[in-house]
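Work through the exercises below with the sequence and the model open. Each task is followed by a solution in steps.

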Amino acid sequence: MASVSSELLEILVCPETKQPVALASAEVLEAVNARVRDGSLRNRGGQPVTQEVQEGLVREDGHVLYPVDDGIPVMLVEESIEL
């Protein structure tokens, strides 16, 4: 699994609020993936999330997670996940 570089992490911000983002903790990822497994998780665009999230970036306020796909942050509001 590729990981987001620290240099990229320093400059990334939430496209919606411009708040900084940080790598999601194992606890956050497990809670998100539990919802994926039980079929209850939808992204903010309303689409079901069917693949477990291996890596993600959490907005500074802790309310939104942006998934990371093969080391590439998906910084689209509609693809983000409410925490």
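This is a predicted model: local features need pLDDT of at least 70, side-chain atom pairs count only at pLDDT 80 or more; totals for chains, interfaces and linings use all residues.

**Exercise 1. Find which residues of helix α2 are buried, and what they pack against.**

Solution. Start with the extent of the helix: α2 covers residues 26-37, which makes 12 residues. From first C-alpha to last, α2 reaches 16 Å, close to the 16 Å expected at 1.5 Å a residue. Next, pick out the buried positions, which are Leu29, Val32, Asn33 and Val36. These residues cover an arc of only 100° around the axis, so they lie on the same side of α2. The general rule is that an α-helix has 3.6 residues a turn, so residues three or four places apart point the same way. Then look at what faces the buried residues of α2: they pack against β2 (56-59), β3 (64-69) and β5 (81-82). Finally, look past the end of the helix, where α2 is followed by Gly39, with a positive phi near 80°.

**Exercise 2. Determine what the side chain of Glu55 is joined to by a polar contact, and where its nearest side chain of opposite charge lies.**

Solution. First locate Glu55, which sits in the loop between α2 and β2. Glu55 is buried but has no salt bridge. The nearest side chain of opposite charge is that of Arg37, 16 Å away, whereas a salt bridge needs a nitrogen within 4 Å of a carboxyl oxygen. Now search for polar contacts: the side chains of Glu55 and Ser3 are joined by one of 3.0 Å. A polar atom of the Glu55 side chain also lies 3.3 Å from the backbone nitrogen of Val4.

**Exercise 3. Decide whether Asn43 is buried or exposed, and list its contacts.**

Solution. Asn43 is another residue placed in the loop between α2 and β2. Its relative accessibility is 9%, so Asn43 counts as buried, the cut-off being under 20%. The Asn43 side chain reaches the backbone nitrogen of Gly45 at 2.9 Å. With neighbours within four places in sequence left aside, Asn43 is in contact with Val49, Glu78, Glu79 and Ser80.

**Exercise 4. Classify Val74 by accessibility and describe its surroundings.**

Solution. Val74 belongs to the loop between β4 (72-73) and β5. A relative accessibility of 23% means that Val74 counts as partly exposed. Leaving aside neighbours within four places in sequence, the contacts of Val74 are Tyr66, Pro67, Asp69 and Glu79. For a distance check, take Gly56: Val74 and Gly56 are 18 residues apart in sequence, and their C-alpha atoms are 8.9 Å apart in space.

Terms used: Residues are numbered from 1 along each chain as its sequence is written. Side-chain values use heavy atoms; hydrogens and water are left out. Helices (H or I, at least four residues) and strands (E, at least two) are DSSP runs, numbered from the N terminus. The expected span of a helix is 1.5 Å times one less than its number of residues. Buried means under 20% relative accessible area, exposed over 50%, partly exposed in between (1.4 Å probe, protein chains only). The arc is that of the directions from the helix axis to the C-beta atoms. Contact means heavy atoms within 4.5 Å. Lys and Arg count as positive and Asp and Glu as negative; His and the chain ends are not counted. A polar contact is a pair of N or O atoms within 3.5 Å; within protein, one must be able to donate a hydrogen and the other to accept it, and residues adjacent in sequence count only if both atoms are side-chain atoms.
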